[in-house]
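Here is a short briefing on how the parts of this model meet. Have the structure open and follow along.

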Number of protein chains: 2
Amino acid sequence: MTSEVKVSVPKKEDLESGAKIRLLVVDDHPPMRMGLIALIKSQPGMDVIAEASDGEEAIEVYDDVLPDIVMMDLRMPGMGGVEAILSICKKHPDAKVIVLSTYDWDEDIHRAIQSGAKSYLLKDMSVEEIASTVREVHEGISSLPRQVAERLEERSKRQQLTERERDVLEYLIKGRSNKEIASSLYLSEETVKSHLKSLFAKLKVRDRTEAAIEAIRHGIVQID
Amino acid sequence: MTSEVKVSVPKKEDLESGAKIRLLVVDDHPPMRMGLIALIKSQPGMDVIAEASDGEEAIEVYDDVLPDIVMMDLRMPGMGGVEAILSICKKHPDAKVIVLSTYDWDEDIHRAIQSGAKSYLLKDMSVEEIASTVREVHEGISSLPRQVAERLEERSKRQQLTERERDVLEYLIKGRSNKEIASSLYLSEETVKSHLKSLFAKLKVRDRTEAAIEAIRHGIVQID
DNA sequence: CGCGAATTCCCCCAAATGGGTGAGGGCGGC
DNA sequence: GCCGCCCTCACCCATTTGGGGGAATTCGCG
């Protein structure tokens with residue numbers, strides 16, 4: 001995959017009919033919700049028909065209003081964006097969700113796209129860029145901004161972590177020692193060290209502290 | 001010509017309570033800026049007269065428009081909120097800056113208040129709470145929301161780090177070893193270890209990995 | 001001036017960590 | 001069946017780390 005991913009499935013009727021694109025806006029920050037609504041309403045041919053402040057509410061409201069597009073934040077208290085996207089796309093396979101996140105962390109981008117998001121935008125992008133992506137996604141074009149696509153590309157270059165390595169990393173982030181990780185996962189300490197060795201190699205770091213920071217930086221594991 | 005609408009139609013509030021509160025909105029995210037502008041304009045008695053997308057621009061624009069209140073994000077590319085507040089308050093000691101941040105990290109709150117901010121709001125707060133704080137600050141009342149005040153309280157319970165301890169922590173976060181930190185700061189390795197000991201005690205952690213995570217969690221040091 | 005706090009450095013020593021290497025079992029794909 | 005991967009565990013060994021002391025210097029504050 002290169003920097004721009006576009007899969008074109010044009011629908012003439014959408015382009016020609018006067019009907020507006022009907023958006024559902026999901027974000028836990030009231031001012032951001034207001035901004036997105038203002039942004040959408042300022043664009044001809046699109047309108048916000050509903051809003052939600054977390055993943056659970058988003059799922060409910062989606063079923064109620066069946067919007068053309070969902071504009072969704074990723075990190076929200078309670079059910080996050082990824083779970084909401086999975087749930088919505090399972091029930092409505094043609095749902096079109098655009099993620100609008102603060103962070104361009106490669107693991108976040110990957111998780112969002114994997115779970116069914118059609119695009120991934122950043123909150124520091126311009127009104128025009130956001131609006132034009134809404135239009136593209138509505139036309140069935142699944143496009144990623146260059147900056148985001150690059151991050152996804154970087155991720156693919158980084159070797160994938162195995163399940164066990166992720167488990168170890170999770171405890172590592174909590175500040176646990178090898179011994180503690182071993183007993184938590186019912187492993188010998190030697191096995192934990194073994195996983196750590198490959199983990200360090202894959203993350204290209206020398207020690208656990210660097211690993212923790214890299215993991216946080218890439219969004220591989222969440223803090224809090 | 002007599003085509004100025006502003007002059008001809010004065011609002012009721014303007015007549016009763018004098019002029020509107022004039023706001024400067026500073027945030028690097030276009031949709032958030034739109035949201036804050038929409039939020040302010042939806043409130044009677046206040047108006048947005050200018051906007052900026054980073055610290056430097058904020059300083060310039062402040063001098064130009066001399067707003068009654070600044071609504072400022074903390075983490076922005078280039079010059080951040082803290083530096084901007086310091087610069088503005090130095091030149092205009094009666095400036096009223098309200099920080100509007102995503103994070104309730106105690107160090108962020110402390111730095112903002114120390115540098116001269118009159119209040120610290122979170123982006124997940126309601127429109128009403130944000131608006132009422134603007135009014136309070138404009139009346140000269142410097143109030144902190146309970147949630148934020150509690151965080152600040154927690155911080156005061158944690159022992160302050162010394163300058164040197166911060167220096168060591170900074171390199172620690174970068175994944176440096178004791179030896180590397182020592183040579184970077186022109187210290188003996190023993191001195192670094194000495195600072196680390198008190199650092200661990202103050203942060204109530206057992207090792208450097210926990211220290212790194214705690215430091216990030218509290219916003220003591222920035223990642224990226 | 002005495003006190004505390006910060007900074008610098010030292011010693012000792014136990015424990016934890018990280019690197020190298022190897023090895024057996026399981027499981028899926030060609 | 002064989003190959004590659006994952007998972008498990010083991011041993012050796014050097015280095016790093018962290019905890020316990022102590023000590024000299026500076027510097028500001030009452």
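Predicted model: local features only at pLDDT ≥ 70, side-chain atom pairs only at ≥ 80, totals over all residues.

## Domains and chains in contact

The C-alpha centres of domain 1 and domain 2 of chain A lie 34 Å apart.

**Between the domains of chain A**

- The domain assignment places domain 1 at 12-156 and domain 2 at 163-218.
- Their contact takes 5 residues from domain 1 and 4 residues from domain 2.
- Together the two domains bury about 320 Å², with 32% of it on carbon and sulfur atoms.
- On the domain 1 side, W105(A), D106(A) and E107(A) lose the most area, together 85% of what that side buries.
- Helix α5 (residues 106-115) of chain A gives the largest share of the domain 1 side, 3 residues.
- That side divides into 1 nonpolar, no polar and 4 charged residues.

**Between chain A and chain B**

- Here 36 residues of chain A are in contact with 35 residues of chain B.
- The two chains bury about 2,800 Å² between them, 66% of it on carbon and sulfur atoms.
- P31(A), M34(A) and T209(A) supply 20% of the area that chain A buries against chain B, more than any other three residues.
- The rule finds 2 salt bridges across the interface; one of them joins E180(B) and R206(A), whose closest N and O atoms are 2.9 Å apart.
- α2(A) provides the largest share of the chain A side, 8 residues.
- The chain A side divides into 17 nonpolar, 7 polar and 12 charged residues.

Conventions: Residues numbered from 1 in each chain as written. Chains lettered and ligands numbered in written order. Heavy atoms only, no water. Contact = heavy atoms within 4.5 Å. Buried area = accessible area lost by both parts, 1.4 Å probe. Salt bridge = Lys/Arg side-chain N within 4 Å of Asp/Glu carboxyl O. Helix = DSSP H or I, 4+ residues; strand = E, 2+ residues; numbered from the N terminus. Nonpolar A, V, L, I, M, F, W, Y, C, P; charged D, E, K, R; others polar. Domains from an automatic or database assignment.
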